[in-house]
Amino acid sequence: MVNRECYRSFRSRQIVCFGRLSVLGMILCTGCDLLSAEGTSGSETVPSADSSKGELVSPPFDVLGDTEGLLLVWFDEFGVHTASRRSDVPESHRQWVRVDSLELSPSERLDPEYVYVADLREAQDHSTYPVRLYRREFFDRQVDQASGVSGKQKAPAASSNASIVIYGAEWCGACRSAAHYFRGRGISFVEKNIERDSSASAELQRKARASGIPLGSIPVIDVRGTLVVGFDQNRIESILGPNGTPI
């Protein structure tokens, strides 16, 4: 069964956006030898925002087989969806799939203005799949055109003094659900986009290592010092009292 952006477990009331994560490189802020947070390398060029062909590249991770260990982001008329395996992506939507490694160090991360896009229809020489580099805004336009969305609404900023932090990404439905949950209960929180903010990604890495928690999905919610992987209402409510007060 195709994994549609988020998987909801009705028994535990937990919602997560999938993407296997070993050391947390971090999600959708992947690395590249051609581009880094400090800029581009000298001899390589990057595609323009309007390029429909992109730049054929070799990312610092393997895109082969069933792509296990990578985060895949594909889209259709309903919007964006995530998967952790090629087999979870419908055949008709394998031509344009964002791919990201979740095991890269901060210095290896790709500039957040760019994304890796793989054609997962057929492997080259029965081995790796071709990967191209695109500007993020170009890829986002393809998503908008496919889903009939002309623009995106931004969520209102939350208090920077909140003791609850939601680490996520713009495309993550479970992250939005978590924010809606806290907002509806009047509980102050902060949303941090680990896809676009390298400092937020590094911050979550440090917290995950300190807690000894392997992370394989977003959102990751820091509930007053306790990390909760996925939007797990039962777990959150076991940490908070009925009025948002620690038990």
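Modeller: Before we start on this predicted model: buried means under 20% relative accessible area, exposed means over 50%, and partly exposed is in between.

Biologist: OK, so is E113 buried, exposed or partly exposed?

Modeller: E113 sits at 40% relative accessibility, so it counts as partly exposed.

Biologist: Which residue does E113 form a salt bridge with?

Modeller: That's R196, with the closest N and O atoms 3.8 Å apart. The pair links distant parts of the chain, 83 residues apart: E113 is in the loop between β8 and β9, R196 in the loop between β12 and α3. R196 is partly exposed too, at 33%.

Biologist: How many salt bridges does the count come to?

Modeller: 11. One of them joins E203 and K207, at 3.9 Å from N to O. Both lie in helix α3, 4 residues apart, or about one turn.

Biologist: And E203, buried or exposed?

Modeller: Its relative accessible area is 18%, so E203 is buried, while K207 is partly exposed at 24%. Shared partners in salt bridges also join K192, E203, K207 and D222 into one network.

Biologist: Switching to the sheet: what's the strand order?

Modeller: β5-β10-β9-β8-β6-β7, an open sheet of 6 strands with antiparallel pairing. β5 and β7 are the edge strands, each pairing on one side only. From one strand to the next, the twist averages 40°.

Biologist: Which helix packs on the sheet?

Modeller: Helix α1, residues 136-147. It touches β6, β7, β8, β9 and β10, and its direction makes about 45° with that of β6. Within α1, R141 and E137 meet in a salt bridge of 3.9 Å, N to O.

Notes:
Residues numbered from 1 in each chain as written. Predicted model: local features only at pLDDT ≥ 70, side-chain atom pairs only at ≥ 80, totals over all residues. Heavy atoms only, no water. Pairing = 2+ DSSP bridges. Helix = DSSP H or I, 4+ residues; strand = E, 2+ residues; numbered from the N terminus. Axes fitted to C-alpha atoms, helices over the stretch in contact; angles between N-to-C directions. Contact = heavy atoms within 4.5 Å. Salt bridge = Lys/Arg side-chain N within 4 Å of Asp/Glu carboxyl O. Buried < 20%, exposed > 50% of the residue type's maximum accessible area, 1.4 Å probe, protein only.
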